[in-house]
Amino acid sequence: QSTDIVAVDDDVVARAVRFIRQNASDAIGVSDVVRAAGVSRRQLERRFQQHLQRTPNDEIQRVRIRRIKELLTGTDLSLSEIAANIGFDHPEYLSTLFKKAVGITPIAFRRQQKA
């Protein structure tokens, strides 16, 4: 995480990004980020777009995908174990989300990285 620092001139966005990175594995949603940031959802969405060109939900998913990649390449955990680690109830949801974001299945990604 320390290598993925985002310099943002907006304290609200910085606080929200920090919260997301610290809690993305705990099945958080945008409403949790809104509470942590201390502003309205609309204001948070607007500030994210202005400073990061993405939504708070996009950031949550981006952080989760990064963590899934780390677990796929750095461990031999099963998809069920990775799903539980990331805060998903079902490995099928993890697979769907991952394939949509990365373009290949988690298993194909793991094989590709090990080759």
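A: Let's start in the loop between H1 and H2, where you will find alanine 27; helices here are DSSP runs of H or I with at least four residues, strands are E runs of at least two, and both are numbered from the N terminus. Everything here comes from a predicted model, in which local features need pLDDT of at least 70 and side-chain atom pairs count only at pLDDT 80 or more, while totals for chains, interfaces and linings use all residues. Residues are numbered from 1 along each chain as its sequence is written, and side-chain values use heavy atoms, leaving out hydrogens and water.

Alanine 27 counts as partly exposed because its relative accessibility is 47% (buried is under 20% relative accessible area, exposed over 50%, partly exposed in between, with a 1.4 Å probe and protein chains only). Its phi is near 55°, a positive value in a residue other than glycine. Most residues other than glycine have a negative phi. Glutamine 53, in the loop between H3 and H4, also has a positive phi, of about 60°, although it is not a glycine. With a relative accessible area of 58%, glutamine 53 is exposed.

Now step inside. The largest nonpolar core has 19 residues, and Ile20, Val33, Leu44 and Phe48 touch the most other members (such a core is a set of buried Ala, Val, Leu, Ile, Met, Phe, Trp, Tyr and Cys residues joined through side-chain atoms within 4.5 Å). Helices H1 (11-23), H2 (30-37), H3 (41-52) and H4 (56-74) each give two or more residues to this core, and H1 supplies the largest share, 6 residues. Isoleucine 20 touches Ile28, Val33, Phe48, Pro56, Glu59, Ile60 and Val63, setting aside residues up to four places away in sequence; contact means heavy atoms within 4.5 Å.

Glutamate 59 counts as buried because its relative accessibility is 0%. Beyond neighbours within four places in sequence, glutamate 59 is in contact with Val17, Ile20, Arg21, Phe48 and Arg54. Its side chain makes polar contacts with the side chains of arginine 54, at 2.6 Å, and arginine 62, at 3.0 Å (N or O pairs within 3.5 Å; within protein, one must be able to donate a hydrogen and the other to accept it, and sequence-adjacent residues count only if both atoms are side-chain atoms). Aspartate 58, also in H4, is partly exposed, at 39% relative accessibility.

A second, separate core of 13 residues includes Ile68, Leu94, Leu97 and Phe109. Phe109 is also one of the buried residues of helix H7 (residues 106-114), together with Pro106 and Arg110. They lie on the same side of H7 because they cover an arc of only 100° around the axis, taken from the directions from the helix axis to the C-beta atoms. The buried residues of H7 pack against H4, helix H5 (79-86) and helix H6 (91-102).

Finally, arginine 110 is buried yet has no salt bridge; aspartate 76, the nearest side chain of opposite charge, is 5.3 Å away. A salt bridge needs a side-chain nitrogen of Lys or Arg within 4 Å of a carboxyl oxygen of Asp or Glu; Lys and Arg count as positive, Asp and Glu as negative, with His and the chain ends not counted. The side chain of arginine 110 does reach the backbone oxygen of threonine 75, at 3.2 Å. Not counting residues up to four places away in sequence, arginine 110 touches Leu71, Leu72, Thr75, Asp76, Leu77 and Ile82.
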